[in-house]
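Take a look at the chain below.

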Amino acid sequence: MKTAIITGGTSGIGLAAAKIFLTHGYNCAVVGRSRARFEQIKPELGGNVEFISADVRRVEDCDKIISRTVEHFGGVDVLVNSAGIYREGAIVDTDAATFDDIFSTNVKGTFFVTRAAVGELIKRRGAIVNVASDAGLKGNYFCAAYSASKGAVVALTRSLALELASFTVRVNCVAPGDILTPLTLNQLKASGDTVEDLARVYPLGRIGTPDEAAEAIYFLATANFITGAILSVDGGLTA
């Protein structure tokens, strides 16, 4: 049985990804910072799932994610780097602590979980799917640090696709637009906007769902002749 690791797996896109891999018969290591949160969503999952408490901002925790997964399931076939945070603010209002938190979570976490997983993925000719954002492909107002972090994930994806191709390890990336997740709802609450306000800028007339982003993740994880791809899941926003 194949095994997938999902960081940020207790909510939003990560949770939806965990569900789709479990539905397709994978073992699933769900990574998050809160066991209490995992216990809340565990009844939704079913299948063969193991929770790993870890903070991807800490390199030692990144290493622990892989060692615990191998200890429990015997190996790693797919890594989904979904852990991430979003912060808005003009550059003049973005302090060093906020910048460091964004990059530590979105970039450092993705990099070091991947570094820890590469040896196991090579053994099984596995796949990596990173979660970036439309903000990593174009400029967005008042979120320069976040956009820069997701642009880094895009560049990391392409570089690793080349580096790991000779080992038959594929590396791809989804770049979602606005997705109806707790993160997006918190963003809207802070700004005073509504889901309908967001939907107006999308050619398809709505924002996406976590399941739609997860379907794209699963597709890239199992599409054996695709590597280095950045798949927009954004209802036509970047078109």
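The questions run from the whole chain down to single residues.

This is a predicted model, where local features need pLDDT of at least 70, side-chain atom pairs count only at pLDDT 80 or more, and totals for chains, interfaces and linings use all residues. Residues are numbered from 1 along each chain as its sequence is written, and side-chain values use heavy atoms, with hydrogens and water left out.

Q: How many helices and strands are in the protein chain?
A: Helices (H or I, at least four residues) and strands (E, at least two) are DSSP runs, numbered from the N terminus. By that count the protein chain has eight helices and seven strands.

Q: What radius of gyration does the protein chain have, and which value would a compact globule have?
A: The radius is taken over C-alpha atoms, and the globule rule is 2.2 Å times the number of residues to the power 0.38. For 239 residues, a compact globule would come out near 18 Å. The chain agrees with this, at 17 Å.

Q: Along the principal axes, what box do the C-alpha atoms of the protein chain fill?
A: The box is taken along the principal axes. Its sides are roughly 45 × 40 × 35 Å.

Q: What percentage of the residues of the protein chain count as buried?
A: Buried means under 20% relative accessible area, exposed over 50%, and partly exposed in between (1.4 Å probe, protein chains only). Of the 239 residues, the buried share is 51%.

Q: What is the accessible surface of the protein chain, and what part belongs to carbon and sulfur atoms?
A: Areas come from the Shrake-Rupley method with a 1.4 Å probe; for residues, only the protein chains shown count as cover. The total is about 11100 Å². The carbon and sulfur part is 54%.

Q: How many disulfides does a search of the whole structure find?
A: A disulfide is a covalent bond between the sulfur atoms of two cysteines. Here the test is a pair of cysteine sulfur atoms within 2.5 Å. The search of the whole structure gives zero.

Q: Which cysteine has the sulfur closest to that of Cys143?
A: Cys143 is buried too, with a relative accessible area of 1%. Its sulfur is 16 Å from the closest one, too far for a bond. That partner is Cys173.

Q: Is Thr110 buried or exposed?
A: Thr110 lies in helix H4, residues 96–124. Beyond four places in sequence, Thr110 touches Asn81, Thr105, Asn130, Val153 and Leu156. Asn81 is 29 residues away in sequence, yet 5.8 Å away C-alpha to C-alpha. At 4% relative accessibility, Thr110 counts as buried.

Q: What is phi of Arg125?
A: Most residues other than glycine have a negative phi. Arg125 sits in the loop between H4 and strand E5 (127–131), and is exposed at 61% relative accessibility. Its phi is positive, near 50°.

Q: What is phi of Thr168?
A: Thr168 is in the loop between helix H5 (144–164) and strand E6 (170–176). Thr168 is partly exposed, at 40% relative accessibility. Its phi is also positive, near 60°.

Q: Which residues does Thr181 touch, not counting those up to four places away in sequence?
A: Thr181 is in the loop between E6 and helix H6 (182–191). At 9% relative accessibility, Thr181 counts as buried. Its partners are Gly12, Ile13 and Pro210.

Q: Is Arg33 buried or exposed?
A: Arg33 is in the loop between E2 and helix H2 (35–45). Leaving aside neighbours within four places in sequence, Arg33 is in contact with Ser53, Ala54, Asp55 and Arg57. At 54% relative accessibility, Arg33 counts as exposed.

Definitions and conventions. Contact means heavy atoms within 4.5 Å.
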